[in-house]
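This briefing is meant to be read beside the sequence and the model. Please keep both in view while working through the points below.

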Amino acid sequence: MKISQKLFCVVVSSFTLIGSGLLNAHSQSVDGATERQENAVLQSLREVAWASHKPIQLYYCADCTATKGSMVDYSVPFPSITPAHSEGQTGVSAVQQMFKNAPHVSIAEDSGGIIKIHVGKVAEEVLETKLSVLAFDRDQQYDPNLAIAAIENTREMNAAMTSLGMASVPILGGLVAPRGRNLPHLPGSLRSVTVDQVLDLIAKTWGGPVVYGACDAATGKNGAKLFALWYGGAVLGTRF
Amino acid sequence: MTYSEKGWAEEHVEKISGNLRLATSGPEFFRNGDIIDRVGPLIRPGKDVSGDLVTRQTYRIYYGFPGEVHYYNIPQTFRQHTHIENGNVTAADVIPW
């Protein structure tokens with residue numbers, strides 16, 4: 001890979017996972033409800049995206065003030081939203097139905113046909129960062145989360161984070177998309193694009209949702225405002 | 001048991017503890033009978049990052065074609081653990097529950 005990454009991959013061959021280490025088997029779930037809500041929202045958005053053939057992006061303002069003890073909370077908490085059922089509807093109307101009970105949500109389809117959802121007032125300046133050249137290696141071309149990691153590793157993005165007093169949180173894990181002929185993928189490189197434009201391309205290639213969450217307060221080490229950026233959609237191996 | 005050569009894998013992840021964020025994505029296409037799951041961070045964390053994450057996860061496999069999709073659950077629950085200390089990843093593994 002061009003960028004310096006430390007990836008830890010576990011290959012599941014014949015569906016046997018190989019791992020090592022011994023862990024405490026009695027940890028308690030502290031975020032179960034939040035996780036379930038996040039999963040429910042993202043799953044509903046995936047279904048709308050594919051059923052409507054409309055790529056989706058979700059931007060949210062995270063309440064980061066409730067940190068856990070002395071540890072920085074790098075989870076950039078997902079908003080507490082329970083999606084309403086939206087059967088029989090498609091596109092923007094389906095998403096509006098889904099969020100009908102959620103406060104401070106705006107939903108609009110942009111000129112490129114992408115449904116953009118904003119939850120709260122989201123600090124998006126870092127997404128306006130201009131990238132002179134963004135090169136993807138083969139893995140990054142075929143895996144949306146690795147492509148997003150490539151964005152975050154650019155010199156321009158790091159400079160923007162420093163000047164804006166922001167820091168990205170580590171995103172862990174996830175299934176890895178295979179690469180190969182006829183599978184959806186990004187071009188090998190992009191020139192003179194903003195981060196938001198690259199996220200648009202990712203959403204259009206795989207459907208989304210592409211998710212960006214930014215903290216409403218400076219809770220990171222050294223007073224940084226934390227943000228999380230990841231692909232929360234499906235990678236179905238077919239053209240979106 | 002005969003497994004599908006290609007299809008879609010879905011991981012169902014439950015966060016047990018920790019202060020780090022997990023990528024929550026949807027079904028992922030696979031082929032050649034191999035599913036690859038990544039543990040640990042996607043990019044090297046900054047030196048000021050310390051934390052951990054423990055999850056319980058299962059996998060579901062979908063196969064077939066439009067109009068006739070089947071699925072089965074991999075009969076094993078896994079525990080994933082990542083620990084980062086001052087930007088160094090000191091643990092990143094998956095073990096059977």
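Which residues does His104(A) touch, not counting residues up to four places away in sequence? His104(A) touches Val119(A) and Gly120(A), where contact means that the C-beta atoms of two residues, placed from the backbone, lie within 7 Å.

This is a predicted model, in which local features need pLDDT of at least 70, side-chain atom pairs count only at pLDDT 80 or more, and totals for chains, interfaces and linings use all residues. Residues are numbered from 1 along each chain as its sequence is written, while chains are lettered from A and ligands numbered from 1 in the order in which they are written.

**Confidence of the prediction**

- Chain A has an average pLDDT of 86, and 85% of its residues score at least 70; pLDDT is the predictor's confidence in each residue, from 0 to 100.
- For chain B the average pLDDT is 89, with 96% of the residues scoring at least 70.
- Over residues 1-30 of chain A, pLDDT stays under 50. The model has 65 contacts beyond four places in sequence for this stretch.
- The complex receives from the predictor an ipTM of 0.91 and a pTM of 0.89.

**The two chains**

- Chain A contains six helices and ten strands. Helices (H or I, at least four residues) and strands (E, at least two) are DSSP runs, numbered from the N terminus.
- Chain B has zero helices and eight strands, and its pattern along the sequence reads β-β-β-β-β-β-β-β.
- The C-alpha trace of chain B spans about 50 × 25 × 20 Å along its principal axes.
- In chain A, 43% of the 240 residues are buried. A residue is buried if 20 or more other C-beta atoms lie within 10 Å of its own, exposed if 12 or fewer, and partly exposed in between, with C-beta atoms placed from the backbone.
- In chain B, 48% of the 97 residues count as buried.
- Among contacts between residues at least 6 apart in sequence, 70% in chain A join residues at least 24 apart. The corresponding value for chain B is 63%.

**Helix α4 of chain A and its surroundings**

- Helix α4 (residues 144-152) of chain A packs against helix α6 (residues 195-206) of chain A at an angle of about 175°, with the axes 11 Å apart. Axes are lines fitted to C-alpha atoms, for helices over the stretch in contact, and angles run from 0 to 180 degrees between N-to-C directions.
- Because of this angle, α4(A) is roughly antiparallel to α6(A); angles under 35 degrees count as roughly parallel, over 145 as roughly antiparallel, 65 to 115 as roughly perpendicular and the rest as oblique.
- On the side of α4(A), the contact is made by Pro144(A), Ala147(A) and Ile151(A). On the side of α6(A), Val195(A), Val198(A), Ile202(A) and Trp206(A) take part.
- The contact residues comprise seven nonpolar, no polar and no charged. Here Ala, Val, Leu, Ile, Met, Phe, Trp, Tyr, Cys and Pro count as nonpolar, Asp, Glu, Lys and Arg as charged, and the others, Gly among them, as polar.
- Helix α4(A) is mostly covered, as eight of its nine residues are buried. Among them are Asn145(A), Leu146(A) and Ile148(A).
- The cover over these buried residues includes β5 (130-135), α3 (138-142), α5 (155-164), β7 (171-175), α6 and β10 (225-231) of chain A.

**Backbone features in loops of chain A**

- Val76(A), in the loop between β2 (56-62) and α2 (91-98) of chain A, has a positive phi of about 45° although it is not a glycine. Val76(A) is buried, with 26 other C-beta atoms within 10 Å.
- His104(A), in the loop between α2 and β3 (105-109) of chain A, has a positive phi of about 60° and is not a glycine either. His104(A) counts as exposed, with 12 C-beta neighbours inside 10 Å.
- A cis peptide bond with omega of about 10° joins Gly208(A) and Pro209(A). Pro209(A) lies in the loop between α6 and β9 (210-215) of chain A.

**The nonpolar core**

- The largest nonpolar core has 82 residues, of which Leu226(A) and Phe227(A) touch the most other members. Such a core is a set of buried Ala, Val, Leu, Ile, Met, Phe, Trp, Tyr and Cys residues joined through C-beta atoms within 7 Å.
- Not counting residues up to four places away in sequence, the residues that Phe227(A) touches include Val76(A), Val126(A), Met166(A) and Tyr212(A).
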